[in-house]
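Hi,

Here is the model I promised to pass on.

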2 protein chains.
Amino acid sequence: MKVRILVLGRTDNPHLRLLTNDYLKRLTGMLRVEMQELDDLKNTQNMPVEVRKRKEGEKILKALSPKDYVILLDEKGKTFTSEQWAAHLANKLNHLGRDMVFVIGGAYGFSEELYRRADEKLSLSPMTFSHQLVRLIFAEQLYRAFSIIHGKPYHNA
Amino acid sequence: MKVRILVLGRTDNPHLRLLTNDYLKRLTGMLRVEMQELDDLKNTQNMPVEVRKRKEGEKILKALSPKDYVILLDEKGKTFTSEQWAAHLANKLNHLGRDMVFVIGGAYGFSEELYRRADEKLSLSPMTFSHQLVRLIFAEQLYRAFSIIHGKPYHNA
């Protein structure tokens with residue numbers, strides 16, 4: 001059983017990529033986790049937002065397997081404290097028996113089809129963060145959750 | 001009138017420093033903003049948490065002027081959407097007539113004295129983020145707020 005972080009678009013900033021990967025590396029031995037980047041859509045300049053969302057949604061849906069437990073990172077999702085989320089995550093990992101896929105979408109949000117496919121929606125904050133920055137914030141939060149689950153001291157990084 | 005971001009401890013990670021400074025640079029021309037890093041306390045290995053919090057609080061209080069409008073970045077603070085916060089910030093900047101100081105503390109939270117001095121408490125999320133990462137997240141949110149205030153498109157970075 002493993003955790004996949006499915007993101008739309010490459011992380012183009014090398015500093016952000018490095019910081020994000022650093023948290024994922026620290027999870028080695030505690031969790032099988034990988035980040036999968038899907039290529040951005042091409043020729044989107046004149047594409048209406050709704051069309052773009054639907055096409056992005058199709059791309060993401062293609063990358064999911066029917067057995068995946070899918071969690072969208074979404075401002076309208078459920079909010080947790082880090083401790084609550086660690087407990088929720090530990091419970092899912094122990095009982096689901098399926099791979100978990102956390103989906104970080106594009107700048108325009110998710111399509112209706114993707115909302116219907118999702119098993120959960122998680123909100124990191126009522127504030128909007130850039131979707132590239134969300135990757136780093138989520139990786140840190142995943143590492144923090146495992147530090148909490150394993151009772152490891154983790155004060156800062 | 002200007003905005004100061006007062007942080008305890010140097011940003012030791014060069015990638016994090018670069019990303020944070022990039023958002024502050026982008027604010028040039030829209031806002032007079034500076035980040036001020038206070039040195040961490042020394043010899044804290046055997047210091048009880050309460051003593052440490054009090055000493056850190058004294059250090060931060062010394063860096064404040066009596067006229068400063070002080071906002072603590074605190075998990076127990078008020079939450080906003082990015083749009084709500086942009087409106088709140090614009091209102092304060094227009095009417096306060098004083099410098100605003102956003103304080104990002106250490107890993108152990110703020111002292112009682114500092115809570116009493118504060119004019120506001122702002123929460124970026126119910127989740128806990130590393131206090132070094134909070135600098136980057138806050139800088140991005142400040143830039144986002146000004147993009148909203150000035151009606152500039154800002155989808156991602």
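β1(A) and β4(A) run parallel and are joined by five bridges, and one of the pairs puts R4(A) of β1(A) against V101(A) in β4(A). Strands here are DSSP runs of E with at least two residues, helices are runs of H or I with at least four, and both are numbered from the N terminus; two strands pair if DSSP finds at least two bridges between them.

Before I go on, some housekeeping: this is a predicted model, where local features need pLDDT of at least 70 and side-chain atom pairs count only at pLDDT 80 or more, while totals for chains, interfaces and linings use all residues. Residues are numbered from 1 along each chain as its sequence is written, and chains are lettered from A and ligands numbered from 1 in the order in which they are written.

Back to β1(A), residues 3-8: six bridges tie it to β2(A), again in parallel. L6(A) sits opposite Q36(A) in β2(A), and V7(A) has E37(A) as its bridge partner there. From β1(A) the chain crosses through helix α1 (residues 14-26) of chain A to β2(A), in a right-handed β-α-β crossover; that is, with the strands pointing away from the viewer, the path from the first strand over the helix to the second runs clockwise.

The whole sheet in chain A is open, with five strands in the order β2-β1-β4-β3-β5 and parallel pairing. β2 (33-38) and β5 of chain A are at the edges with a single partner strand each, so one side of each has no neighbour in the sheet. Neighbouring strands are turned by 30° against each other on average, direction ignored. α5(A) packs on this sheet, touching β1, β2, β3 (69-78) and β4 (100-104) of chain A, and its direction makes about 150° with that of β4(A). Contact means C-beta atoms, placed from the backbone, within 7 Å; axes are lines fitted to C-alpha atoms, for helices over the stretch in contact, with angles from 0 to 180 degrees between N-to-C directions.

Chain B also has an open sheet of five strands, in the order β2-β1-β4-β3-β5 with parallel pairing.

What about the core? The largest nonpolar one (buried Ala, Val, Leu, Ile, Met, Phe, Trp, Tyr and Cys joined through C-beta atoms within 7 Å) has 76 residues, and F138(A) and F138(B) are among those with the most contacts inside it. Leaving out residues up to four places away in sequence, F138(A) touches I5(A), L73(A), F102(A), I104(A) and L124(A).

As for the contact between the chains, 27 residues come from chain B and 27 residues from chain A. On the chain B side, α5(B) gives the most, with seven residues.

P126(A) is partly exposed, with 18 other C-beta atoms within 10 Å. Not counting residues up to four places away in sequence, P126(A) touches E75(A), T79(B), F80(B) and T81(B).

Cheers

Definitions and conventions
A residue is buried if 20 or more other C-beta atoms lie within 10 Å of its own, exposed if 12 or fewer, and partly exposed in between; C-beta atoms are placed from the backbone. Two residues are in contact if their C-beta atoms, placed from the backbone, lie within 7 Å.
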